[in-house]
Amino acid sequence: MIKLRSVAAVLISVLFFTSCMKNKELFVQSPDGKLKVSFEMKDNKPVYKVKYNNFIVINESLMGLVLSDSDTLLKGMQIAASETKSVDTTWEQLWGQNHMVENKYNQLIVKLNEPGEQSRQVNIIFKVYNDGLGFRYEVPEQENLGDFIIIDELTEFAFNDNHTAWWIPAYGDNRYEYLYKKSALNDLDTVHTPLTMEAGNGLHISIHEANLTNYASMTLAHTGHNKLKCDLVPWSDGTKVKTKAPMQTPWRTIQIAENAGGLITSNLILNLNDENKLDDTSWIKPLKYMGIWWGMHIGKYSFWESPNHGASTKNAKYYIDFASEHGIHYLLIEGWNKGWTPAWYENLLHVFSFTQCTDDFNFEEVTSYAKSKGVEIIGYHETGSNINNYLTQIDDGMKMYADAGMHNIKIGQVGSRMQMKEWHHGQYGVEYYRFVLEKAADYKLAVNFHEPIKPTGLRRTMPNLMAGEGARGQEYNAWSEGNPPEHTCILPFTRLLGGPMDFTPGIFSIKPTRVHTTLAKQLALYLTIYSPIQMLADLPENYDNHPAFKFLQDVPVDWKETKVLEAKIGDYLTTVRKDKNSDDWYLGSITDENARQTKIELNFLEPGAEYMATIYGDADDAAFDTNPEAYKIDSLKVNSQTTLDINIAPGGGCAIQFKKL
Ligand code: NOJ
Ligand code: CA
């Protein structure tokens, strides 16, 4: 990732405050002038407000950090100085939804000092973009504050109305794996971020955080009428963050868009993370992969050694042969190592080995056979949340993969608490995932975390963080009551705003009771769920000779550009993306349990150019609950003037390849 244009326009102004100006209200606005943020010390307390045009996004809301002994940092402080600057740059993504990212904002830094002799200092930094804002607390190095413990963060989000919200609960044994609920803001208890809301005037607002480093993650507690407050996930001892000056909190982010699609194309979270810090990124590649995986979830294979063990040398060769013959270059193998038992998912400190193979799996034989067939194996470490057991073996386990020429690893943290004690999303977990990611980078391994910490844009700084789970994925369709059709119409506006998800689409053998989509919707998910790594999740035998498999072979995983053509949270979504490595475009359109007819104008295509459109759609009689596998494939020539009529079945979808002629 290189910086293309350095600061095109940087205007810096610094103001020092005399005693009569100390309670002055400070303002900063977005480059387009629509978003206006203000800050002041009111009755000795820091407060901020946000407006979008004349609409109040955030009413007066409190800020502050409470240290141990209930010492409220920031209370009674005075504004000593403020600085503003404007930045306008563009940077290049190694991989992503779009190749170039505009980073254009106005910044306000408020410098606060405590009066008196034991004075302490805190800065509050605001960055205001056209698509939202971020603010963070910064505790600079200073004499009167060294090590400290945060027991509460007071940051509030006071809305001006009882908006409609889509949310999942924050403290559940299944981490982030819950179905989203839609309710009025005032019906919330404590919820995870991203928390997305729609105001009565159609404005879409999403609260999240960016650059979650050495801190606890922020959940949101409902604390009053239309009001939420930051609720930091605690350590098992009840404290929230153990830290020392100098430090910065994560950015508290408020994404704002005039329509639902604008949230998906916003770059706010990435822009609020640090630049890439990996020198050599040549080994990091977006990819499609098959997996010895779905078979275990539907009970065809076992994770553990048994007559139907999924990860046997023999079965691995069967998968490798299929992948190789069909031009798929990566294969994930789960359950290849010692430690798996039929009770692998229970909350116990399971002892997995990260180097010893099961008796029926020969690692050297499988990896060299794969190499001879042009396939690379993706490694798998399931920790079972026995973190201590993992960390004593992590170097050996990762080295074994690196020595075999592998560049990708999936790492799982199944369990309700890490080490049966700490939340996955507390500071313990935040530091654990960062340690593992950095360790993986040392071994040139790109990571797919399952049971992860929610994404906050760290992939910009560490682009070996490819994707994560962190929501109910396809696996729930194998062994639970399943995800309802609207689940995938909510994910792009909630969980996915934080970063890519390894949802694992592509199931072709759909029992109506199981997957709750049509086959065409499974194809469309490759466009509506962004991830630089996408699994072709079904069994080889279900893909063999299937005409729709061509789409999975063709669909790219890295994009030059992304646009959302139409979207309504929980109901439907149509996304188009331009391939990074060709002039071709792809479209994915999905719906919830309701059928949908839509007209799509192809004005995103290059004017004057002709394209061959291959349309993978629902058959006329398709429906997710009665006839899910019925699909049809049509081809026609189109150009940027064409309007396509698309009919989508209940729980259905449509996937289109536009190949430039
Ligand atoms: C849960 C993960 O999400 C899934 O992908 C994996 O197969 C199982 N854990 C086994 O580790
Ligand atoms: Ca719906």
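Predicted model: local features only at pLDDT ≥ 70, side-chain atom pairs only at ≥ 80, totals over all residues.

Visitor: Into which domains is the protein divided?

Guide: Domain bounds come from an automatic or database domain assignment. Here the division gives domain 1 (4-271) and domain 2 (287-470). Their centres, taken over C-alpha atoms, are separated by 35 Å. Contact means heavy atoms within 4.5 Å; on that basis, 34 residues of domain 1 are in contact with 29 residues of domain 2.

Visitor: How is a pocket defined, and what volume does the largest pocket have?

Guide: On a 1 Å grid over the protein atoms alone, a pocket is an open set of points with protein on both sides within 12 Å along at least five of seven lines, whereas a cavity is a set of points where a 1.4 Å probe fits but cannot get out; lining residues have an atom within 4 Å of a point. Grid points are joined across faces, edges and corners, and a volume is the space filled by probe spheres set on the points. The largest pocket has a volume of about 470 Å³. It is lined by 25 residues, of which Trp 344, Tyr 345, Val 414, Glu 475 and Trp 479 are the closest to its centre. Helix H3 (294-297), strand S27 (376-382) and helix H8 (476-479) are the elements that give two or more residues to this lining. Helices (H or I, at least four residues) and strands (E, at least two) are DSSP runs, numbered from the N terminus.

Visitor: How do the residues of that lining divide by class, and what do the domains supply?

Guide: Ala, Val, Leu, Ile, Met, Phe, Trp, Tyr, Cys and Pro count as nonpolar, Asp, Glu, Lys and Arg as charged, and the others, Gly among them, as polar. The lining of the largest pocket has 10 nonpolar, six polar and nine charged residues. Domain 1 and domain 2 each supply at least three residues of this lining.

Visitor: What can be said of the second largest pocket?

Guide: The second largest pocket holds about 370 Å³ of space. Among its 22 lining residues, Asn 103, Tyr 105, Lys 127, Asn 271 and Glu 275 are the closest to its centre. Strands S9 (78-92), S10 (100-113) and S11 (121-129) each give at least two residues to the lining, and S9 has the largest share, five residues. The classes are eight nonpolar, seven polar and seven charged.

Visitor: How is the length of helix H7 judged?

Guide: The expected span of a helix is 1.5 Å times one less than its number of residues. H7 (residues 427-442) has 16 residues and reaches 23 Å from its first C-alpha to its last, close to the expected 22 Å. Its buried residues pack against several elements, including helix H6 (387-403) and strand S28 (408-412).

Visitor: What follows H7, and what is its phi?

Guide: H7 is followed by Lys 444, with a positive phi near 55°, although this residue is not a glycine. Lys 444 lies in the loop between H7 and S29. Asn 545 also has a positive phi, near 60°, and lies in the loop between helix H11 (540-543) and helix H12 (549-554).

Visitor: Which peptide bonds are cis?

Guide: The bond from Thr 193 to Pro 194 is cis, with omega near -5°. The bond from Ala 245 to Pro 246 is also cis, with omega near 0°.

Visitor: Is Thr 575 buried or exposed?

Guide: Buried means under 20% relative accessible area, exposed over 50%, and partly exposed in between (1.4 Å probe, protein chains only). Thr 575, in strand S33 (residues 572-579), is buried because its relative accessible area is 1%. Asp 69 is exposed, at 75%, and Lys 444 is partly exposed, at 36%.

Methods: Residues numbered from 1 in each chain as written. Chains lettered and ligands numbered in written order. Heavy atoms only, no water.
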